[in-house]
Amino acid sequence: MAGIDSGPAAKVSAGFRRVVCIYPYFQEVPIYEFFPPLGLEYVAAAIEDLVQDIRILDFRMEDDAGRSVRDAIRDGVDLFCVSVNWPYEYESVCDVIRSLPPGVPTVVGGKYATEMVEDLFRACPNIGMIVRGDGEETLREFVETGSPEGVEGMSFRRDGGIVHNANRDLKPVSDTLFPNRRNRRYRYRVSYQKVDLGYGFDSMIASRGCPYKCKFCSFKRNPLGQKREYTARSPESVIEELRQIDAKFVAFLDDNFFVNAKRSERICDLIIREKMGKLFAVNARISVAFHPRLLKKMHKAGFRLLMIGIESAQDRSLKQLEKGFDTAEVRRAFEILRKSNMMTGGYFIIGLIGESRLEMLEQGAFASQIGVDFIHLNRLRFEKYSALGELLKDHPEYYIGEKNRIYSKKYGPAEINQILKAIRNRFFSPVKILSLAWKGIRIGFPSWDILLRAAVLFPLILWKLLTRKRRRNRKRAPIELGPATAARGTRR
């Protein structure tokens with residue numbers, strides 16, 4: 001370890017016994033607040049056989065996160081692993097990291113950490129190492145060797161500076177590595193504003209990457225610019241993981257679950273044979289509608305929610321984004337999907353280059369016309385290495401604003417927010433909500449008892465929704481560990 005700074009990195013050595021993995025976000029975006037921290041669980045699974053004990057702390061699920069960290073330190077900690085995936089709550093996340101005892105090595109990873117390596121090192125003096133890109137193999141090699149020296153994909157402090165090792169090549173998705181759910185401390189349940197709606201929930205990954213070339217998308221490259229080729233797990237591997245999931249409702253996080261129709265059919269066949277009795281949500285392209293045999297098997301297997309990237313109601317924009325279809329094909333696809341006994345959600349992008357206010361507002365009307373059950377509206381964003389950079393060069397009236405959102409001189413943040421609000425209010429009318437409830441009862445998703453529970457809890461949900469902005473703007477005090485407790489965390 002000669003030459004590595006004293007402090008966090010100097011404590012690193014082989015033989016880690018007790019590892020604490022932290023998901024440091026207290027308040028999640030409501031639609032995702034019940035998703036397990038799957039990336040952190042993958043990293044924990046990658047080193048599980050190398051250590052004596054792994055504890056995962058999800059601060060969203062902790063009544064007193066500080067006490068949970070203190071308890072872990074009291075029991076002995078040799079390594080902290082912290083997931084920094086999102087730009088929101090960034091200051092709060094940094095407070096959490098700075099609160100960790102400097103005597104214990106701290107490794108940070110995640111998508112946003114990969115984008116903000118230098119900034120995180122400056123903001124948090126006790127960070128010893130940052131994992132860039134996929135973390136499973138990088139952290140495993142680090143734990144095996146006890147040193148960041150030469151570990152591909154890792155940055156670390158040395159001699160008063162920062163050393164960036166070479167990037168690690170992206171690997172195909174593994175058939176054998178997936179989270180060990182027996183180690184979870186929490187039960188994840190479908191909820192809104194922290195109100196339990198009655199479904200056990202889990203998520204999983206059956207493939208990585210996407211073979212399509214939509215211009216706005218950055219999924220095919222990671223934050224380091226590395227191209228992520230589409231790779232898929234075997235159907236048998238997918239079923240093996242599903243057997244370990246107790247939750248009634250499972251969301252597949254694949255960019256597109258139905259890239260290979262034959263493979264998708266095989267997965268459905270195996271689920272049907274196993275009689276799992278689960279309900280599934282997946283991302284898809286409209287092309288899934290043109291596989292009638294697959295649609296029938298999907299329904300029988302329990303697939304009940306299809307989230308489909310439509311993006312725009314304007315053919316000009318779809319061509320610009322290189323989506324590979326036009327609005328006429330979208331209409332044909334949804335004529336079929338409306339008869340499939342599955343809920344459909346449509347992803348739309350607001351603020352696309354060249355679209356007027358009227359054209360943006362047409363997104364909601366178009367979604368209603370084709371029979372989309374839910375809409376998910378996204379602001380146009382620029383991700384590093386996205387092909388949108390080429391379009392921006394030709395449109396100087398557009399600029400990249402806060403959180404990498406793209407605005408124009410005519411449609412800035414305030415105007416886009418107004419448009420988003422108008423689309424949501426018009427689409428989710430009382431009649432629409434009642435029709436969704438009836439469809440849910442008819443197809444068993446959600447079941448009538450869950451809808452009844454949501455109706456009973458509606459006043460509480462509404463109150464939480466109305467007070468959400470005030471609660472989110474309230475600055476959270478950093479977790480307190482105390483000098484005596486922090487000292488006990490130092491490796492012996």
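Analyst: Buried means under 20% relative accessible area, exposed means over 50%, and partly exposed lies in between. The model used here is predicted.

User: Why is Arg168 called buried?

Analyst: Arg168 has a relative accessibility of 14%. The cut-off is under 20%, so Arg168 counts as buried.

User: What makes Glu141 and Arg168 a salt bridge?

Analyst: The rule asks for a side-chain nitrogen of Lys or Arg within 4 Å of a carboxyl oxygen of Asp or Glu. Between the side chains of Glu141 and Arg168, the N to O distance is 2.8 Å, so the pair meets the rule. Glu141 sits in helix α6 and Arg168 in the loop between β7 and β8, so the bridge ties together parts 27 residues apart in sequence.

User: Is Glu141 buried, partly exposed or exposed?

Analyst: Glu141 has a relative accessible area of 26%.

User: Why are Arg233 and Glu241 called buried?

Analyst: The relative accessible area is 1% for Arg233 and 0% for Glu241. Buried means under 20%, so Arg233 is buried, and so is Glu241. These two residues also form a salt bridge, with their closest N and O atoms 2.6 Å apart.

User: How do you know which parts of the model to read with care?

Analyst: Where pLDDT is low, the predicted coordinates should not be read in detail. In this model, pLDDT stays under 50 over residues 1–13 and over residues 483–492. The chain averages a pLDDT of 88.

Methods
Residues numbered from 1 in each chain as written. Predicted model: local features only at pLDDT ≥ 70, side-chain atom pairs only at ≥ 80, totals over all residues. Heavy atoms only, no water. pLDDT = per-residue confidence, 0-100. Contact = heavy atoms within 4.5 Å. Helix = DSSP H or I, 4+ residues; strand = E, 2+ residues; numbered from the N terminus. Buried < 20%, exposed > 50% of the residue type's maximum accessible area, 1.4 Å probe, protein only.
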